Amino acid sequence: MIVFRPRKAAAIDYDHVKYLHDECIEQLELMKISLESAQLSNDEIRDQLDYMAQNHWQFYLDTLHLLSMHDNDLKDSLLKVGLNARNTESNQEKEYQVKRVLLLTLTTSLIKRHRRMEYVFSNQNNPAKDFLSLAAPIERDYLVTTITIIHNLI
């Protein structure tokens, strides 16, 4: 008779998760620079910078996908909220200027949230581990909410 034992959860490679958060931060900072530059430019240059910002967002989402493969709680939060691709093109530059400013603020917030998650993961052998593990689900939910807002604006 074969007896199946419950599977143990795979151990998280904290260094790899930290690296993925670093890559997320890098893509968001590049996106932020593109958005800031687009604010100061005009016409064709602005369009190219907006396109670059959108590409950085796509690379960010790809990295986030890799991150969610290592962090099941993040994956669950992403699945709960869902990211619907929206095409909300508008020909009105004034409206996009407002969007750009909002995107800058939200991108800064998202960078800060990834740094916070890095901090949570880097303190696994710390006396504050229990407190941080209680804060992690809330941090993940806020991270996912901010991602959803930005995704719907782009």
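This is a predicted model: local features need pLDDT of at least 70, side-chain atom pairs count only at pLDDT 80 or more; totals for chains, interfaces and linings use all residues.
Local features here need pLDDT of at least 70 and side-chain atom pairs count only at pLDDT 80 or more, while totals for chains, interfaces and linings use all residues. Residues are numbered from 1 along each chain as its sequence is written, and side-chain values use heavy atoms, with hydrogens and water left out.

Trainee: How many Å apart are the end C-alpha atoms of helix H1?

Mentor: Helices are DSSP runs of H or I with at least four residues, numbered from the N terminus, and the expected span is 1.5 Å times one less than the number of residues. H1 covers residues 14-40, so its 27 residues should span 39 Å. The end C-alpha atoms agree with that expectation, being separated by 39 Å.

Trainee: Why does Asp-43 count as exposed?

Mentor: Asp-43 belongs to helix H2 (residues 43-70), and it has a positive phi of about 45° although it is not a glycine. Exposed means over 50% relative accessible area, buried under 20% and partly exposed in between, with a 1.4 Å probe and protein chains only. Asp-43 counts as exposed because its relative accessibility is 52%.

Trainee: Which residues is Thr-63 in contact with, leaving aside its neighbours within four places in sequence?

Mentor: Thr-63 lies in helix H2 and counts as buried because its relative accessibility is 8%. Contact means heavy atoms within 4.5 Å, and the buried residues of H1 include Leu-20 and Cys-24. With those sequence neighbours left aside, the contacts of Thr-63 are Leu-20, Glu-23 and Cys-24.

Notes
Helices (H or I, at least four residues) and strands (E, at least two) are DSSP runs, numbered from the N terminus.
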